[in-house]
Amino acid sequence: MIDFSNPDFMENPYPALAELRKVGKPVWHEESQLFLAATYQDANAVLRNRSLGRIFKPRTPDEDWDTFNWLHSDSLLDSEPPKHTRLRSLLVKAFNKNKIESMRPDVERLTEQLLKNIEAKLETTGEFDVIADFAEPLPVKVIAALLGFPDEDEHLLRPWSQAIVKMYEVNPSEQTQLEAQQASQEFAEYVRGLMVERKRNPGTDLISDLAAVEEDGQKLNAQELIATCVLLLNAGHEASVNGFGNGFVALMECPDQFDLLASNPFALADTAVDEFIRFDAPLHLFERTATSDVEIGGVMVKEGQKIASLLGSANRDESVFENPTEMDITRDPNPQIGFGAGIHFCIGAPLARMEMTTSLPALMVKYPNLRLTEQPVRRPGFVLRGYESVKVTNE
Ligand code: HEM
């Protein structure tokens with residue numbers, strides 16, 4: 001059975017996930033007390049079945065967990081209808097495809113700026129870090145700008161969000177728990193301050209828009225506003241950083257695919273980005289809880305039991321994808337489910353796609369000969385899969 005904390009599994013989970021798919025139905029994982037749905041069909045069914053909900057289970061009801069708990073229970077991601085429908089409806093306009101497309105020129109400018117900084121770095125040190133210098137700052141700056149999070153405090157975002165999302169791994173350590181509690185409190189207080197300030201002094205950002213809805217008192221309360229903004233600030237960059245990093249390393253490891261993209265970066269950007277997400281998913285596991293007895297893939301999940309959808313495994317299912325272990329940046333159709341499915345389908349998917357289809361070709365045009373200068377360093381973890389650093393040179 002899969003050992004989620006085994007370093008070899010974390011380094012490369014795909015052989016073990018392929019074995020799990022061979023079972024052909026969800027498998028009970030005793031240590032985590034949940035079923036694992038590994039095939040495309042089962043993982044997809046878990047996300048779409050309305051008898052399976054995202055039910056947030058508060059951590060031990062003590063004061064230290066208070067903020068962490070409501071940051072989750074009052075957010076869009078951890079709510080079910082009718083609350084989920086109400087919260088999601090407040091965000092749909094801000095994230096619709098046309099609205100996101102109108103932000104592309106800003107993202108192009110931001111990308112140019114990052115590439116200028118990289119040029120300077122290459123001149124002095126001969127190398128740069130794809131994560132720290134490119135994949136990370138771009139989505140952080142974009143989501144911060146969209147919400148109206150002040151530039152000068154942007155550096156606070158990644159550490160807060162990292163401390164919180166580490167709790168999503170299986171069996172987080174004592175230290176991880178303490179850091180998550182502290183980050184939750186600081187982050188929530190900070191966003192509360194922004195909300196109060198935007199009520200007095202509204203801008204054109206999303207926090208100002210939501211603050212006006214909150215003041216109206218019909219559709220949103222203060223806790224829901226803070227929880228949803230913290231979710232957007234976290235979800236708005238964590239997976240994007242890792243999606244870009246995972247895909248780009250895989251691309252460099254397949255020279256024919258790298259050269260193909262370098263030869264036609266704009267035309268191939270759309271299919272390449274979907275293949276990045278399919279090939280090495282940045283988010284691997286999402287849990288659901290049965291609200292009544294329900295059958296998935298021939299297995300009965302009893303009311304109250306949990307089942308996990310394994311997205312990265314589904315995206316390598318040999319019955320859906322031809323040559324699933326090979327990266328093919330021209331793959332079309334590509335029905336990958338790395339952005340989820342059903343009512344919780346990623347609201348930020350158009351934004352993530354727009355960011356990546358802008359930044360990836362720009363990087364390839366400027367640096368068509370990038371290669372690794374050292375073995376990239378992975379962050380430990382399975383649920384959120386990504387690299388700590390990816391050092392490259394263009395020499
Ligand atoms: C490559 C980048 C991204 C990936 C792979 C990704 C993936 C996902 C997945 C799989 C879910 C569904 C979770 C579930 O069903 O339990 C989700 C939900 C969500 N994502 Fe993303 N995401 C990405 C980028 C973003 C961005 C840029 C935003 C910024 C707005 C965002 C905001 C959200 C939100 C708010 C939800 C909750 C939606 C709901 O519950 O209705 N994501 N994402």
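In the predicted model, the protein comprises 18 helices and 12 strands. Its radius of gyration is 21 Å, close to the 21 Å given by the globule rule for 395 residues, so the protein is as compact as a globular protein of that length. Along the principal axes, the C-alpha atoms occupy a box of roughly 60 × 55 × 40 Å. Of the 395 residues, 44% are buried. Among contacts between residues at least 6 apart in sequence, 70% link residues that are at least 24 apart.

The largest nonpolar core contains 106 residues. Within this core, the members that touch the most others are Ala37, Ala43, Leu147, Cys229, Val230, Ile307 and Leu310. Helix α13 supplies the largest share of the core, with 9 residues. The surroundings of alanine 37 were examined individually. When residues up to four places away in sequence are left out, alanine 37 touches Pro26, Asp42, Ala43, Val46, Ile296, Gly297, Ile307, Ala308, Ser309 and Leu310. Among these partners, Ala43, Ile307 and Leu310 also belong to the group of core residues that touch the most other members.

The ligand is surrounded by 28 residues, of which Ala239, Gly243, Gly340, Cys346 and Gly348 are the closest. Two or more residues of this shell are contributed by each of α13 (222-235), α14 (238-252) and α18 (349-366). By class, the shell consists of 19 nonpolar, 7 polar and 2 charged residues.

Definitions and conventions: Residues are numbered from 1 along each chain as its sequence is written. This is a predicted model: local features need pLDDT of at least 70, side-chain atom pairs count only at pLDDT 80 or more; totals for chains, interfaces and linings use all residues. A residue is near a molecule or strand if its C-beta atom, placed from the backbone, lies within 6 Å of it. Helices (H or I, at least four residues) and strands (E, at least two) are DSSP runs, numbered from the N terminus. Ala, Val, Leu, Ile, Met, Phe, Trp, Tyr, Cys and Pro count as nonpolar, Asp, Glu, Lys and Arg as charged, and the others, Gly among them, as polar. A nonpolar core is a set of buried Ala, Val, Leu, Ile, Met, Phe, Trp, Tyr and Cys residues joined through C-beta atoms within 7 Å. A residue is buried if 20 or more other C-beta atoms lie within 10 Å of its own, exposed if 12 or fewer, and partly exposed in between; C-beta atoms are placed from the backbone. Two residues are in contact if their C-beta atoms, placed from the backbone, lie within 7 Å. The radius of gyration is taken over C-alpha atoms; the globule rule is 2.2 Å times the number of residues to the power 0.38.
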